[in-house]
Amino acid sequence: MRKTFTDFFTSRGHQQVPSSPLIPDDPTLLLANAGMNQFKPYFLGETTPPFPRATSIQKCARTSDIDNVGRTNRHATFFEMMGNFSFGDYFKEDAIAFAWELLTQGYGLEKDKLWITVFEDDDEAEHLWRRIGVPASRIQRLGMEDNYWSMGVPGPCGPCSEVNYDRGPAFGKEGGPAIDDERYVEIWNLVFMQFQRGEGDKKGNFPILGKLTNKSIDTGLGLDRLAAILQDAQNVCTTDLLLPTFHTVQDLAGRACPTEGEEKVSFQVVTEHARSIAFLIADGVLPAKDGRGYILRRLMRRAIRHARRLGIDGHVLPATTASVIGNLGTVWPELTNQAALIEQVVTAEEESFTRALVQGTRLLDTAITHTREARSAALPGETAFELADTYGFPLELTVEAAREAGLTVDEERFAALLDEQKKRAKAGGKAKTADALRKMDTYRELAGSLPRTDSRPDLGVIRDVFIPQGRIIANVGDEPVVYDLDAFIEPRQKMLTDGTLTEFREWEVAERTEIFGSIAHRFSEYRKSGFHQGEWFEGSGHKTTQFVRTPSGWRMSSLAWDDAPATVTE
């Protein structure tokens, strides 16, 4: 399926681009959540793309629908998103034609089982689908929440058209995707990138700030969902992407997964989360109390809790993540390369969580005793919240233990405390996002006001260097100029092959900092004169470069230079 997709698009002039890591090069995102993330600067016009068309299979992680995992046939917290992209090249007509041809001829899907949704006022998209052969009865119009796409944060956006596959009466009721999105499962989303969105509280509730420089295309075909259809699998866990792990969970539980009920949910949660956990650790995410590390920890503890519900008392994550590595490590070699780290992290976290559960049980027993002594009928909500927040002790276990002791739990107070915590976290996240966006706006103003060149600079006259968003801005002469990154990379390659340069400076970003409201980087400089072919060199110093807005434009200046990391104070 992967090869069919990439072969189709490379044969039509698309450059195949590797997946970016799950840790994105975008301060507004915790994790890569879409195939277009790495192309965001191209869509926004911040960087000139080196090719007009691209295709990729991107690793993605999304936990917004985590509670649906195991309860639907299609939801997952990790997935491979196969996509094709156009940066100001083709638009709606070709995107729709490509999708229809690949689905019906490349993958052999029945035409009469494909349903289309378009944005509520997108007459053009509906016309193109009808012209290609889709009857009006299988085209439905939906609003902002369903058919207008963005990354979930400020950035490029646009109306979209989704291709849905009818899995039949066994999966739900008739009426199309507007009625039942479990039966009429979305498989491919075609986004017509035209606009830039601002900050918003929820999907669809955000301002449109303006048009993008070029109309572009961003599409995503979910491999999990396509595999379920082509392999006639009931759900994502029974496709060959996850089936070995699904079998591992059943072996650990000592029984087969039932066809329905809460146990089925637990089998699928452990299976699906194991894949997410393995990929996140392989890409450098480690358990933590906040940020992307908290997402990983939540997935791990959720998988452990569901394993305990199945009666799996021993370690579950080492075996399940090992099965993920064995099944997908050939396609994604980072899994194999980081196998030892994955095993170490999941084992340590599982042991830590088990200790926390033991401690939580002791606290709960004490709280139950105190509640009885106080002749109260309800365990305080504060106790239930502390158990959940500090020890990862799920509310349902607290309720169950209280019930066995003849008590109830003040769930209303628990919910209020949980809501307060979410509001604090949301406020903190908004502050971080606002700061990141302010820095990005500064960069856009900076890059947009400076001259650009594709020529290679004379490295001997460079005084200051700044590296944002895949481009280099350098002081050459009296004015800063924007260079392509390749202009700097190529001399280094040349140095290592024929030694023709007599002096070379390689600048590495050591740390990003902010000075007096402007964007800056800290650099290490490596330098040697008169080297010979094949010779490398060591030694470092540190320089901080600042951009200052002046009445005559932007200026760069070096603020410090010594043998230790530079520091700048007011």
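This is a predicted model: local features need pLDDT of at least 70, side-chain atom pairs count only at pLDDT 80 or more; totals for chains, interfaces and linings use all residues.
1. Helix 3 and helix 4. Two packed helices are described by the angle between their axes and the distance between the axes. Helix 3 covers residues 92–106 and helix 4 covers residues 123–132; their axes lie 10 Å apart and the packing angle is about 40°.

2. Residues between helix 3 and helix 4. On the side of helix 3, the contact is formed by Lys-92, Glu-93, Ile-96, Ala-97 and Trp-100. Helix 4 contributes Glu-124, Ala-125, Leu-128, Trp-129, Arg-131 and Ile-132. Sorted by class, the contact of helix 3 with helix 4 holds 7 nonpolar and 4 charged residues, and no polar ones.

3. Helix 1 and helix 3. Helix 3 also packs with helix 1, which spans residues 2–10; the two axes come within 11 Å and cross at roughly 135°. Helix 1 and helix 3 are therefore oblique to each other, and their crossing is right-handed. From helix 1, Thr-4, Phe-5, Phe-8 and Phe-9 meet Phe-98, Glu-101, Leu-102 and Gly-106 of helix 3. The contact of helix 1 with helix 3 comprises 5 nonpolar residues, 2 polar residues and 1 charged residue.

4. Asp-122. This residue belongs to the loop between strand 4 (114–119) and helix 4. Is Asp-122 buried or exposed? Its relative accessible area is 5%, and under 20% counts as buried, so Asp-122 is buried. Leaving aside neighbours within four places in sequence, Asp-122 is in contact with Lys-92, Arg-141 and Phe-192.

5. Gln-250. Helix 7 (residues 243–253) contains Gln-250. With a relative accessibility of 15%, Gln-250 counts as buried. Which residues does Gln-250 contact, leaving aside its neighbours within four places in sequence? They are Arg-255, Ala-256, Cys-257 and Phe-267. For Cys-257, the backbone nitrogen is 3.0 Å from a polar atom of the Gln-250 side chain. Gln-250 and Leu-310 are separated by 60 residues in sequence, while their C-alpha atoms are 9.3 Å apart in space.

6. Positive phi at Asp-232. Most residues other than glycine have a negative phi. Asp-232 is not a glycine, yet its phi is positive, at about 50°. Asp-232 sits in the loop between helix 6 (223–230) and helix 7. Its relative accessible area is 67%, and Asp-232 is therefore exposed.

7. Positive phi at Arg-375. Arg-375, which is not a glycine, likewise has a positive phi, of about 55°. The loop that holds Arg-375 runs between helix 12 (339–373) and strand 10 (378–379). Arg-375 counts as exposed because its relative accessibility is 79%.

Methods
Residues are numbered from 1 along each chain as its sequence is written. Side-chain values use heavy atoms; hydrogens and water are left out. Axes are lines fitted to C-alpha atoms, for helices over the stretch in contact, and angles run from 0 to 180 degrees between N-to-C directions. Helices (H or I, at least four residues) and strands (E, at least two) are DSSP runs, numbered from the N terminus. Contact means heavy atoms within 4.5 Å. Ala, Val, Leu, Ile, Met, Phe, Trp, Tyr, Cys and Pro count as nonpolar, Asp, Glu, Lys and Arg as charged, and the others, Gly among them, as polar. Buried means under 20% relative accessible area, exposed over 50%, partly exposed in between (1.4 Å probe, protein chains only). A polar contact is a pair of N or O atoms within 3.5 Å; within protein, one must be able to donate a hydrogen and the other to accept it, and residues adjacent in sequence count only if both atoms are side-chain atoms. Angles under 35 degrees count as roughly parallel, over 145 as roughly antiparallel, 65 to 115 as roughly perpendicular and the rest as oblique. A crossing is left-handed if the near helix is turned anticlockwise from the far one by less than a right angle, and right-handed if clockwise.
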